[in-house]
Amino acid sequence: MALGEHRDNLLGLNREELENLAVSFGQPRYRGRQLYHGIYARRVREFSGLTDLRGDFRDALAARHAILYPQVEREFSSRDGAVRYLFRLHDGNLVETVYMPEEERTTLCLSSQVGCALDCRFCFTALLGSKRNLTAGEILGQVLAVAAGQNVARGARLNLVFMGMGEPLLNLPQVSKAVGILADREGVGVPLRRITLSTVGILPRIEELARKPGRPKLAISLNASHDEQRSALMPINKKYPLADLLRVCRAYPLRPWEHLTFEYVLLDGFNDADADARRVADLLRGLRAKVNLIPYNSGPELPFRAPPFERVVAFQNILTDRYIPAFIRISRGQDIRAACGQLSLEGLNCKSPSAWVAEDRG
Ligand code: SAH
């Protein structure tokens, strides 16, 4: 039996919940705030490390609670420094997180759900089907477990992107709760402007997100230049077609420092023609936005391929000639792609590493 299995995990509780917990132990509320700071800012994993709490309170906590990170099932290291983590959750489900170090910053690509319901035709997570939402604790656990494994210091420049498994806007309550703790200076301490949520475009949820003061940045998976093409790739487009998506994007209240990001996965012979690029420029005209072009990361289970690199550059040039900032997202961890095949042999499917794209430096 894994350590602490009989004890409730405190990971995922916010400040108020930990204050209430302290009170339930007969302690003043501020003891809960110390607990919060210890778990998320100091990243303490044993109650004995919470030296600012009284010994009897620590013992009482330890009898009933634990601070549990998800268990590392497997780890795949790339020559370029990227590391893909496969985490085992308490119920046996598996999720992936990718660590991508760069010279001046590090990006973590987080999962928001086990599997995904949206069935995008090119996506490996879609092959898993929809399993369940992650809890805020499981989202925070990905960050803290990777930070611990890679010795990412507090204060290191960290970017967090919800571009792993799942659709974050279909798990908005838990994603928001996790983001609140991640972005809190007394919590994990990653500024909101370094946290990006990527969505297929669940329109009512984008509108809900727009009303949240503590919202992260927004990226939208466009992936196509017209409705017929997008519906063929992303069934959700039948429910929320492009005109509606762009209308909601135009109404989205951007903060002064913010822009929208549109992701465009380039699929050879499918959405990579000059005419597609021109249509994308028309769709995005006038928006404060940039495009991340992602050459498809292929795998044996699905028929799509990446276009030749010249095509990717030509597509980018058409956009930039039309004053749409466009960046090519170079895939990280190409050499650990083989591991994806391995995983799927075991009945698991995972997204290939380029799905976890780092934000560009601009
Ligand atoms: N559901 C959310 C977040 C997860 S997917 C969304 O769709 O945005 C994150 C990004 O990875 C999306 O832009 C998606 O289009 C892209 N993606 C998925 N599979 C990919 C693959 N095999 N190669 C390249 N990009 C991929």
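How many residues of strand S10 (residues 195-199) are buried?

## Strand S10

Of the 5 residues in S10, 5 are buried, so the strand is mostly covered (buried: under 20% relative accessible area with a 1.4 Å probe, protein chains only). Ile 195, Leu 197 and Thr 199 point one way from the strand, while Thr 196 and Ser 198 point the other way. In a regular strand, side chains alternate between the two faces of the sheet.

The model is predicted: local features require pLDDT of at least 70 and side-chain atom pairs pLDDT 80 or more, whereas totals for chains, interfaces and linings use all residues. Residues are numbered from 1 along each chain as its sequence is written, and side-chain values use heavy atoms, without hydrogens and water. Helices (H or I, at least four residues) and strands (E, at least two) are DSSP runs numbered from the N terminus.

## Neighbouring strands

S10 pairs in the parallel sense with strand S9 (residues 158-162) over 3 bridges (pairing: at least two DSSP bridges between the strands). Thr 196 in S10 is the bridge partner of Val 161. Strand S11 (residues 217-221) also runs parallel to S10, joined by 4 bridges, and Thr 199 stands opposite Ile 220 in S11.

## Crossovers and helix H6

From S10 the chain crosses through helix H6 (residues 203-210) to S11 in a right-handed β-α-β crossover (clockwise from first strand over helix to second, with the strands pointing away from the viewer). S9, helix H5 (residues 172-183) and S10 likewise make a right-handed β-α-β unit.

Leu 203, Ile 206, Leu 209 and Ala 210 are buried in H6. They lie on the same side of H6 because they cover an arc of only 115° around the axis, taken from the directions from the helix axis to the C-beta atoms. The buried residues of H6 pack against H5, S10, S11 and helix H9 (242-251), with contact meaning heavy atoms within 4.5 Å.

Terms used:
Buried < 20%, exposed > 50% of the residue type's maximum accessible area, 1.4 Å probe, protein only.
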